[in-house]
Amino acid sequence: MTSFLRLFSLAVSVPTLCLAVNAAVPLLSHAQTPTQTTFRDVPPNYWAQPFIQRLAQRNIVAGYPDGTFRPEQAVQRDELAAIIRQAFNQPPVRQIESGSVFKDVSEQSWAERPIESAYQQGFMSAYPNGNFRPNQPVTKLEAITALNRGLDLTSDTPVAVSPTTQQRARRKPVFVPIAITSLMQPLIISRAEAVPPGTMTPPETTQPERSASAIVNDYYTDASSIPQNAIPDVAAATKQNIVVNYPNARELNPNQPASRAEIAALIHQTLVSQGRIEPLPEDSPANQYIVRTSGNNRR
C-alpha cells in the first residue's frame with residue numbers, strides 16, 4: 001500500500017510541476033500549440049498592440065499558456081538572445097563550441113543554443129569574468145547596441161533587399177521559453193547635384209550630414225543619459241526610424257529595463273527598416289511613438 005501511495009503521489013506531482021513551470025514562462029515553439037496573435041492583456045487600444053500582433057502573426061513572439069503576453073515584464077539577456085535567434089539570421093563572425101563556454105550557462109539550459117547564436121553572430125558578448133548573466137534585465141540602450149553590433153547599423157553601405165532576402169528560410173523550431181524574440185541600411189542624406197549653367201531647375205536644397213551627438217541631442221530630451229560610447233548606436237537606430245518611445249517619443253529612457261512591449265516595437269521597426277515587414281498604416285495611433293527623423297517629434 002505504501003508503494004502504491006508513493007506512485008500515485010508521483011503521478012500527480014509531475015504534471016502539477018509541469019503546469020507550474022509552463023505558467024511561469026512564455027511559449028516559443030508553435031509546433032505544440034496554435035499560433036496566438038491576440039492576448040487578453042494586450043487590448044486593441046494598448047500602445048504596442050500593433051507591434052506585438054504583427055510579430056505574433058509571424059511567430060516571432062508568443063504569449064504565456066494562460067493567454068497573456070505580459071507586455072510590461074522586463075526582458076532578460078537570455079530572452080534577448082532568443083529574440084535575435086527568432087528574428088534574424090546573420091552569418092557568424094566568430095565560433096565557439098557551445099553556449100556552455102559561459103560559466104553561468106549550462107548545456108541543459110533552454111537558452112544555450114540562442115545564446116550561442118547571438119554570441120557567434122556578434123550581437124551579444126560575455127562579461128570579462130566569462131559569465132553571460134542570462135537572467136540580467138536588458139536596458140533599451142543594450143538592446144539597441146546589440147542590434148548595432150550584429151547588424152552594423154552605422155554602416156554607410158546600402159543593402160539591397162530582394163524578395164528572396166525578405167523570405168528567408170526560418171530556422172527549425174527550438175523549444176525554449178521565450179518567443180519575443182540588422183543588415184539595416186542607414187538613412188543616407190543625398191547630396192545636391194550641381195545644375196548645369198543655363199538650366200531652369202534650381203539646385204536641390206539639402207542639409208549636411210549631422211554628427212551622432214547632434215542627432216541624439218536633437219531628438220531626445222534625456223540625451224545626457226546616453227553614454228558617450230553608445231551615442232553612435234542610438235544615432236544610427238534613430239536615422240532608420242527604429243527607436244520607439246512610449247509615452248513620450250522624445251524620452252529614450254536608455255538605462256531602464258526594456259519591457260516585452262518595448263522590445264517588440266524595436267524588433268518590428270528593425271524589420272521594417274530591412275524591408276521585411278510593411279510599415280504600420282498611416283492612421284495607426286502607434287506611429288506617434290516612433291522617432292522619425294523626417295517627422296515632427298524633433299526637439
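Visitor: What follows H5, and what is its phi?

Guide: Asp-152 follows H5, with a positive phi near 55°. Helices here are DSSP runs (H or I, at least four residues), numbered from the N terminus. The model is predicted: local features need pLDDT of at least 70, side-chain atom pairs count only at pLDDT 80 or more, and totals for chains, interfaces and linings use all residues. Residues are numbered from 1 along each chain as its sequence is written, and side-chain values use heavy atoms, without hydrogens and water.

Visitor: What span should H5 have?

Guide: The expected span is 1.5 Å times one less than the number of residues. H5 has 12 residues (140–151), so it should span 16 Å; its end C-alpha atoms lie 16 Å apart, which agrees.

Visitor: How many residues of H5 are buried?

Guide: Buried means under 20% relative accessible area (1.4 Å probe, protein chains only). In H5, 10 of 12 residues are buried, including Leu-141, Thr-145 and Asn-148.

Visitor: Which helices do they pack against?

Guide: The buried residues of H5 pack against H3 (77–87), H8 (231–239) and H9 (260–274).

Visitor: How is a helix pair described?

Guide: By the angle between the axes and the distance between them. Axes are lines fitted to C-alpha atoms over the stretch in contact, with angles from 0 to 180 degrees between N-to-C directions. H5 and H9 pack at about 25°, axes 11 Å apart. That makes H5 roughly parallel to H9 (angles under 35 degrees).

Visitor: Which residues of H5 and H9 meet?

Guide: Contact means heavy atoms within 4.5 Å. Lys-140, Ala-143, Ile-144, Leu-147 and Leu-151 in H5 meet Glu-262, Ile-263, Leu-266, Ile-267 and Thr-270 in H9.

Conventions
Helix = DSSP H or I, 4+ residues; strand = E, 2+ residues; numbered from the N terminus. Buried < 20%, exposed > 50% of the residue type's maximum accessible area, 1.4 Å probe, protein only. Parallel < 35°, antiparallel > 145°, perpendicular 65-115°, else oblique.
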